Every structure is written in structure tokens, then in C-alpha cells.
Amino acid sequence: MLMKQKGIILKSVEYGESDKIITILNEHGAKVPLMARRAKKVKTGLQAHTQMFVYGLFIYNKWRGMGTLNSVDVIDQHYELQLDLYESSFATLCAETIDRSMEEEEISKFNFDLLQFVLNKISSGQSAQLMSIIVLLKCMNKYGFSASFNICAVSGNTDQSQLIGYSFKFDGAISKSEAYQDPHALQLSNRTLYLLDILLKLPIDKMNELKIHQDILDEMSELMIMLYREYAGMFFKSQKLINQLKRLELNDLDK
């Protein structure tokens, strides 16, 4: 049966000498795995069209099991993401987080909208790191946990100006007056916690131009990755590349 569906490439894996297996997240929010035969051969025209983040109309045959890709009518290749390794790595973290949050037969229109939103924002010049933080925030419940950033988990104090970190001992933000109860709490600025709370609660269709200082972004990223590791046991492959790039950047600064 010949199928036509719009979607975004969520995953692309090399298979054998010349083939690829791609997974698209279609416009309805379902994951569709496809065999792209000879996609690694330049002459087929599929090499560029089966890269990560390509948004297009995918035409494929499907009977039982995995479909076979025939062609792709590209709508947006998100070519900019292929040129910047730093942005590409954060965009890959977005895709990996969404991919691993879904069961194989699950359908989530929100996940498609979320992925399309962050890719468009990154392509328009918004921080790729910030977009990864938004995805991590929006997907927490899919991984079976939640986090509160606007109230002290120990005293219940709602004065956000008094919050100075996140306590894994008490599973929430912790205020200055209660910090002695958890000396191992992750120290954060109250602005970091305030902005995490805003981004968690704000619908993506209400997010316009977002600008956040790099120091705050780094604190946000550190906490979100720790939350996923501690509460869901998740280790993201794309985060390893991000960490390597950061170490290289620090080494260059030290020279």
C-alpha cells in the first residue's frame, strides 16, 4: 500500500553498506520506521533527504512491519543544523528525549508540535540549548516524574527570591533558611528556578522570542540532566557529545 505522510526525521541509523533505517514522527504524532534502501548512495538522491531533522512529505510502501521509503518531498531541511555541531547536538538531544518518551504504537500530536516548534526556533536563531531545556521540561511526566521549582520542599515557603538550590534529598527546591538540612543540594540562582517554573507552565504556543543569559542556561541544563538521571535513570547519548564539546571549549579557554 502506497502511503503519503508529512513528518520529521526523528532518528536515522545506518544499516549495512548502503541502507538506512529512519524513523519519522508524522504530523499526527506517531513514530513510523522506514527502510531507506541505498540512501547512503549519492546517485539515489536520498542521502541528504534522510538526514536528521528533515521535515517533508514521505512517500513509502507499507504492508506488514517496516515500510520502505520511495521518495521525500522536502519542505524544510533545517540545513543550518547540519552546519553547527553545537546546535546539532542540542537538537539531537531534543529528538532523543521525545523519541525515548514514546511507546512504539503511541500517538502524541503534542510531541510532533513540540519537535517542530524547537527545530523552527533553533533555525530562526533561538538558543538550541534553551530549546533542549524546554523539551526536557515538557517531557518529564512521560518519564514518570515531576519537579517543583517555585516552593521550598522543606518549609513550603513560596517566596521564590529565597530559593537557592534544588534538593534531591527533599525532591524539590530548597530555601536559604532550610539549606542547612541538605548540604549536598545543588546550588542554583533563584532566577534559574524562577525561569524553569515559567517555562514548565507556559504553553509552547505562548513562547515567542526567548533570551536567557548563558550562565542561567548552563544551570538549567545541569539540573535537568540530573533530574532525568536521578528520577528516571536516563542517560542520553547526545548529552555525551555535548559534554565533550564543553570540555573542548574549556580547554581552549585555558590555553
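Contact denotes heavy atoms within 4.5 Å. The structure is a predicted model, in which local features need pLDDT of at least 70 and side-chain atom pairs count only at pLDDT 80 or more, whereas totals for chains, interfaces and linings use all residues. Residues are numbered from 1 along each chain as its sequence is written, and side-chain values use heavy atoms, with hydrogens and water left out.

Ser89 is located in helix H2 (residues 85–101), helices being DSSP runs of H or I with at least four residues, numbered from the N terminus. With residues up to four places away in sequence not counted, Ser89 touches Ser238, Leu241, Ile242 and Leu245. Its relative accessible area of 2% classes Ser89 as buried (buried, under 20%; exposed, over 50%; partly exposed, in between; 1.4 Å probe, protein chains only).

Two helix pairs involving H4 were examined. The axes of helix H3 (residues 109–123) and H4 come within 9 Å and cross at roughly 165°; H3 is therefore roughly antiparallel to H4. Axes are lines fitted to C-alpha atoms, for helices over the stretch in contact, and angles run from 0 to 180 degrees between N-to-C directions. Angles under 35 degrees count as roughly parallel, over 145 as roughly antiparallel, 65 to 115 as roughly perpendicular and the rest as oblique. On the H3 side, Phe110, Leu114, Phe117, Val118, Lys121 and Ile122 meet Ala128, Met131, Ile134, Val135 and Lys138 of H4. By class, this contact comprises nine nonpolar, no polar and two charged residues (nonpolar: Ala, Val, Leu, Ile, Met, Phe, Trp, Tyr, Cys and Pro; charged: Asp, Glu, Lys and Arg; polar: the others, Gly among them).

Helix H4 (residues 128–138) also packs with helix H5 (residues 190–201), at an angle of about 65° and with the axes 9 Å apart. H4 and H5 are therefore roughly perpendicular to each other. Leu130, Ile133, Ile134, Leu137 and Lys138 of H4 make the contact with Leu196, Leu199, Leu200 and Lys201 of H5. Seven nonpolar, no polar and two charged residues form the contact of H4 with H5.

Within H5, Leu200 is partly exposed, at a relative accessible area of 25%. Neighbours within four places in sequence aside, Leu200 is in contact with Leu137, Lys138, Met140, Ala147 and Phe149. A distance of 9.5 Å separates the C-alpha atoms of Leu200 and Val135, which are 65 residues apart along the chain.

Helix H6 is followed by Gly233, whose phi is positive, near 65°. The buried residues of H6 include Ile216, Leu217, Met220 and Ser221.
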